[in-house]
Amino acid sequence: MKSLAARLARAAALVLLPLALAGCGINTIPTKDEQAKAAWAEVQNQYQRRSDLIPNLVATVQGYADQEQEVLTAVTEARASATQVQVDASTITDPEQFQRFAQAQDQLTGVLGRLMMIQERYPELRSNQNFLALQSQLEGTENRIAIARRDYNEAVRDYNTEIRTFPGAIWANTVHGWAEPMQTFEASPAAQTAPTVSFDQPAAPAAQPAPAPAAQPAPQPAPEPAPAQ
């Protein structure tokens with residue numbers, strides 16, 4: 001009987017111990033970690049979607065505005081730079097690597113804005129159906145990027161709070177010693193001020209009024225004839 005009771009006690013302990021641990025929050029950190037990583041994956045997915053649109057967009061603009069080579073080159077180089085940044089799950093816990101990724105994407109965002117403004121100079125480009133479709137897709141992707149970044153920041157805030165507050169901090173320093181704070185997206189300095197873009201031609205200098213003719217001296221009276229002797 002005693003051996004049976006001991007076996008039942010051990011079985012009950014095996015069932016109740018995981019429940020007790022779950023109830024005290026031991027699984028909270030891994031859960032929030034996975035949620036933040038899933039949000040990060042969505043950020044990467046949307047940035048990749050934008051990157052895939054750029055070659056066709058550049059080619060379309062080039063067909064109408066080949067002389068805008070400076071902007072077209074800047075976009076191509078910024079895309080290449082953003083693509084070359086190595087990104088994996090460790091990026092979100094590495095401040096320097098995360099900063100490189102964010103800066104490369106912000107730079108690409110800036111030059112894409114310059115590319116889209118080119119249409120103001122070329123009415124034919126503004127009416128091109130392929131360009132309009134790509135423009136619409138790019139605008140939708142930029143909106144998705146903003147939403148993905150917002151959701152990622154929220155997931156990271158939740159995770160970082162958990163590993164820094166009680167009781168999560170206890171588990172982070174014992175069972176989950178791998179847990180490290182994650183990085184969040186911050187607004188770039190350029191995003192703090194809306195850029196001023198103008199394609200107006202510089203105004204011609206105002207015509208200067210013709211100088212007034214110089215005043216002519218008053219005619220001198222003719223000398224009177226000398227009196228006869």
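In helix H4, the residues Gln 97, Phe 98, Phe 101, Ala 102, Ala 104, Gln 105, Leu 108, Val 111, Leu 112, Leu 115 and Met 116 are buried, where buried means under 20% relative accessible area, exposed means over 50% and partly exposed lies in between, with a 1.4 Å probe and protein chains only. The structure is a predicted model, in which local features need pLDDT of at least 70 and side-chain atom pairs count only at pLDDT 80 or more, while totals for chains, interfaces and linings use all residues. Residues are numbered from 1 along each chain as its sequence is written, and side-chain values use heavy atoms, with hydrogens and water left out.

The protein chain holds 7 helices and 0 strands, these being DSSP runs numbered from the N terminus, with at least four residues of H or I for a helix and at least two of E for a strand. Along the sequence the pattern reads α-α-α-α-α-α-α, and buried residues make up 31% of the 229 residues in the chain. Among contacts with a separation of 6 or more, 76% are between residues 24 or more positions apart, a contact being heavy atoms within 4.5 Å.

To return to H4, its 23 residues should span 33 Å at 1.5 Å a residue, and its end C-alpha atoms are 33 Å apart, which agrees; the expected span is 1.5 Å times one less than the number of residues.

Helix H3 has 16 residues and reaches 22 Å from its first C-alpha to its last, close to the 22 Å expected at 1.5 Å a residue. Its buried residues are Val 71, Leu 72, Ala 74, Val 75, Ala 78 and Ala 82. Seen down the axis of H3, these buried residues fall within an arc of 160°, so they line one face of the helix; the arc is that of the directions from the helix axis to the C-beta atoms. The face turned away from the buried side of H3 carries the exposed residues Glu 70, Glu 77, Thr 83 and Gln 84, whereas the cover over its buried residues includes H2 and H4.

The next topic is the nonpolar core, defined as a set of buried Ala, Val, Leu, Ile, Met, Phe, Trp, Tyr and Cys residues joined through side-chain atoms within 4.5 Å. In the largest such core, which has 48 residues, Leu 115, Tyr 152 and Phe 185 touch the most other members. At least two residues of this core come from each of helix H2 (28-64), helix H3 (69-84), helix H4 (95-117), helix H6 (129-164) and helix H7 (168-172), and H2 gives the most, with 11 residues. In soluble globular proteins, nonpolar side chains tend to be buried together.

Leaving out residues up to four places away in sequence, Tyr 152 touches Ala 36, Ala 39, Trp 40, Val 43, Ile 92, Phe 98, Met 182, Gln 183, Thr 184 and Phe 185. Val 43, placed in helix H2, is buried, with a relative accessible area of 1%. The C-alpha atoms of Val 43 and Arg 149 are separated by 6.0 Å, although the two residues are 106 residues apart along the chain.

Aromatic rings of Phe, Tyr and Trp (its six-membered ring) pair if their centres lie within 6.5 Å, and planes under 30 degrees apart count as stacked, over 60 as edge-to-face and the rest as tilted. By this rule the count comes to 9 aromatic pairs. The rings of Phe 101 and Phe 185 have centres 6.4 Å apart and planes at 55°, so this pair is tilted. Because Phe 101 lies in helix H4 and Phe 185 in the segment after H7, the pair ties together parts that are 84 residues apart in sequence. Both Phe 101 and Phe 185 are buried, and ring pairs link Trp 40, Tyr 47, Phe 98, Phe 101, Tyr 152 and Phe 185 into a cluster.

Finally, Glu 68, in the loop between H2 and H3, counts as buried at 12% relative accessibility. Apart from neighbours within four places in sequence, Glu 68 is in contact with Ile 118, Arg 121 and Tyr 122, and a polar contact of 2.8 Å joins the side chains of Glu 68 and Tyr 122. A polar contact is a pair of N or O atoms within 3.5 Å; within protein, one must be able to donate a hydrogen and the other to accept it, and residues adjacent in sequence count only if both atoms are side-chain atoms.
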